[in-house]
Amino acid sequence: HERVLDITLRYFEEANQILGVSYDLTRIRQLEKLQKDFVGNVSHELKTPVTSLIGFTETLLDGAKDDPETLTAFLKIMQKDAYRLESLIQEIIQLSKSADINYHIQTLNVKQVLQQLLADYTPIIQEKNLAVTLEGDPELTFTTKVEVFYPICKNLIENAINYSLPNGQINIQFAEKNGLVFQVQDFGIGIEKEEQTRIFERFYRVDKARARNSGGTGLGLAIVKDYVEILGGSIHVDSHLGVGSTFYVYLPVN
Ligand code: ADP
């Protein structure tokens, strides 16, 4: 990395000495760049569905609405754009407030939390005919910041479901090990080695067109990574293209 230094020199006449102070601005500049990139990405991501919404409303108002079939088809696309905007905005808020949120610490039953989260996905699990197993001590509890713990689990489960193929299998396991360890395994599309570190970057998606169609925002794993760090834990992925992926999370005792 290029280093950015700010150096101030001051001459003290009485002592005939020069005092030099140097500030290392490298980290500040890196953060500024990250922030700039993020804002650029956000604007781009928000613009796409908005442009589409404007285009379709204009076409409908220009007369396309008089054909019932076109009307329904366009409304469906517009609904998808609106949902996409909704999830983008929600995730951007999640990312931005993570630093100054007022956390609630609670003792949770891990199995119950995971079961609750899975229940939200029952329709898509049934639609894709996925078999989901959940293994771990049903009595195990974990004391943690709920506002970050839930999204970590939710995003990993959601990805396992989204990137599974029909009739696939998902295994979720958890255990106590100086804190909590859990893993989410799927036998879906998998991720190439070169992509495996990049997927945790904000807005990064392996296959952009496909991800956009599936409603993905590319923010889920960035949120997971941020939140795991807030809890002082770690995350890593083991994945093979066309075979499947396992995400491992370790969260230390609060
Ligand atoms: P998205 O909203 O697109 O799912 P994420 O940040 O959650 O965004 O994930 C980033 C990218 O990583 C995804 O677009 C996808 O390409 C890849 N990915 C994440 N989880 C999985 C998984 N379980 N299997 C295969 N690819 C995955």
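Start at Phe203. Select it in the loop between E7 and helix H6 (208–213). This is a predicted model. Is Phe203 buried or exposed? Phe203 counts as buried, at 5% relative accessibility. Now check its backbone. Phi of Phe203 is near 70 degrees, a positive value in a residue other than glycine. Most residues other than glycine have a negative phi.

**Another positive phi**

Go to Asn167. You will find Asn167 in the loop between H5 and strand E6 (169–176). Asn167 is not a glycine either, yet its phi is positive, about 65 degrees. What is the relative accessible area of Asn167? The value is 57%, so Asn167 is exposed. The cut-off for exposed is over 50%.

**The whole chain**

Zoom out and colour by secondary structure. The chain holds seven helices and nine strands. Its radius of gyration is 23 Å, well over the 18 Å that the globule rule gives for 254 residues, so the chain is more spread out than a compact globule. Along the principal axes, the C-alpha trace spans about 85 × 60 × 35 Å.

The accessible surface comes to about 15400 Å². Carbon and sulfur atoms account for 54% of that surface. Buried residues make up 37% of the 254 residues.

Next, colour the charged side chains. There are 25 positive and 34 negative ones. The centres of the two sets lie 2 Å apart.

Contacts deserve a look too. Take those in the chain with a separation of 6 or more: 67% of them are between residues 24 or more positions apart.

**The largest core**

Hide the surface. Select Phe149, Leu156, Phe182 and Phe247. These have the most contacts inside the largest nonpolar core, which has 49 residues. Which helix gives the most to this core? Helix H5 (residues 146–162) does, with nine residues. In soluble globular proteins, nonpolar side chains tend to be buried together.

A second, separate core has five residues, among them Phe56, Leu60, Phe74 and Met78. Select those four for comparison.

Return to Phe182 and show its surroundings. Neighbours within four places in sequence are left aside here. The contacts of Phe182 include Phe149, Ile152, Cys153 and Leu156. Gln173 and Phe174 are also in contact with Phe182.

**Leu180**

Step to Leu180, in strand E7 (residues 179–186). Leu180 is buried, with a relative accessible area of 1%. Leaving aside neighbours within four places in sequence, Leu180 is in contact with Val110, Leu140, Phe142, Phe149, Phe174, Ala175, Val249, Tyr250 and Leu251.

Now draw a distance from Leu180 to Asp66. How far apart are the two in space, C-alpha to C-alpha? The line spans 58 Å, and the residues are 114 apart in sequence.

**Helix H7**

Last stop: helix H7, residues 220–230. An α-helix has 3.6 residues a turn, so residues three or four places apart point the same way.

What do the buried residues of H7 pack against? Their partners are helix H2 (68–97), H5, strand E8 (234–240) and strand E9 (244–252). Show those four elements together with H7.

Finish at Gly232, which follows H7. The phi of Gly232 is positive, near 75 degrees.

Key
Residues numbered from 1 in each chain as written. Predicted model: local features only at pLDDT ≥ 70, side-chain atom pairs only at ≥ 80, totals over all residues. Heavy atoms only, no water. Helix = DSSP H or I, 4+ residues; strand = E, 2+ residues; numbered from the N terminus. Rg over C-alpha atoms; globule rule 2.2 N^0.38 Å. Buried < 20%, exposed > 50% of the residue type's maximum accessible area, 1.4 Å probe, protein only. Contact = heavy atoms within 4.5 Å. Areas by Shrake-Rupley, 256 points an atom, 1.4 Å probe, with all protein chains shown as cover. Lys, Arg positive; Asp, Glu negative; His and termini not counted. Charge placed at Lys NZ, Arg CZ, Asp CG, Glu CD. Core = buried A, V, L, I, M, F, W, Y, C linked by side-chain atoms within 4.5 Å.
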